[in-house]
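Colleague: I am new to this structure and would be grateful for an introduction to its core and its sheet.

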Amino acid sequence: MRHPDPHGPPDRTPIEVGEVWVNPVTRERATILERTWDNPEGRATAELTALVGARVMGEHLHPALVERFTVLEGELTVKRNGQTSILHQGESAVIEPGVWHDWWNASDLDARVRVEITPGERFVHMIETFFGLARLGYTDSKGMPNPLQLALCAREFGDVLVFRSPPLALQRTILAPLVPIARWRGYRATYPQFSRIVLAPRT
């Protein structure tokens with residue numbers, strides 16, 4: 001199969017503060033600092049280690065959440081609405097809803113960055129899904145799933161993430177017809193093997 005088993009055993013292991021989620025393709029390592037049910041704002045917080053050469057999947061926006069980066073060590077290059085800057089230790093960037101942005105580690109040292117997402121629950125499920133696909137080898141060298149998987153993920157998480165390229169109108173034209181084909185071939189937008197944010201007990 002070119003996708004995880006949609007009927008695989010669900011992972012109901014509770015999410016714990018301090019555990020580490022890894023994306024071996026994009027070279028991201030996230031340590032959980034705060035879960036969405038630990039605060040009234042529904043905020044998810046993690047310490048991101050962006051290894052040398054790390055880069056998020058592509059320029060994107062979040063329709064309805066706020067993302068805050070604070071560099072703890074090293075530096076992070078951030079692009080916001082076409083303007084590129086470098087965040088150094090102690091500096092922060094706030095990404096408001098609807099703002100196109102991208103980030104990467106262009107330095108020769110790993111970067112440690114505190115990342116806060118408000119509200120974070122749907123974002124966490126998206127990250128869990130994309131990291132899971134990458135860990136199991138179901139993405140390309142940039143961390144992107146194949147078109148059939150992407151068609152379903154784009155529809156499921158359209159309230160959380162929108163990629164800039166290709167243009168949104170073209171995405172709809174290309175991806176929408178793939179949705180029924182993907183489902184017929186056994187793909188799912190999410191998988192029980194990496195849906196702990198919705199399936200696991202909350203401690």
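The questions and answers below concern a predicted model.

Colleague: In what order do the six strands of the open sheet lie?

Modeller: The six strands pair in the antiparallel sense. Strand E1 (20-23) and E8 are the edge strands, each pairing on one side only.

Colleague: Over how many bridges do E3 and E10 pair?

Modeller: The antiparallel pairing of E3 and E10 extends over seven bridges.

Colleague: At about what angle does H1 run to E1?

Modeller: H1 lies across several strands, including strand E2 (28-34), E3, E5 and E10.

Colleague: Which element gives the most residues to the largest nonpolar core?

Modeller: This core has 41 residues, and Phe69, Leu76, Trp103, Val113 and Met126 have the most contacts inside it. Elements giving two or more residues include strand E5 (66-73), strand E10 (111-118), helix H1 (121-135) and helix H2 (147-156). With five residues, the element that gives the most is H2.

Colleague: Which residues does methionine 126 touch, leaving aside those up to four places away in sequence?

Modeller: Met126 is among the residues with the most contacts inside the largest core. Beyond its sequence neighbours, methionine 126 touches Phe157, Val160 and Leu161.

Methods
Residues are numbered from 1 along each chain as its sequence is written. This is a predicted model: local features need pLDDT of at least 70, side-chain atom pairs count only at pLDDT 80 or more; totals for chains, interfaces and linings use all residues. Side-chain values use heavy atoms; hydrogens and water are left out. A nonpolar core is a set of buried Ala, Val, Leu, Ile, Met, Phe, Trp, Tyr and Cys residues joined through side-chain atoms within 4.5 Å. Buried means under 20% relative accessible area, exposed over 50%, partly exposed in between (1.4 Å probe, protein chains only). Helices (H or I, at least four residues) and strands (E, at least two) are DSSP runs, numbered from the N terminus. Contact means heavy atoms within 4.5 Å. Two strands pair if DSSP finds at least two bridges between them. Axes are lines fitted to C-alpha atoms, for helices over the stretch in contact, and angles run from 0 to 180 degrees between N-to-C directions.
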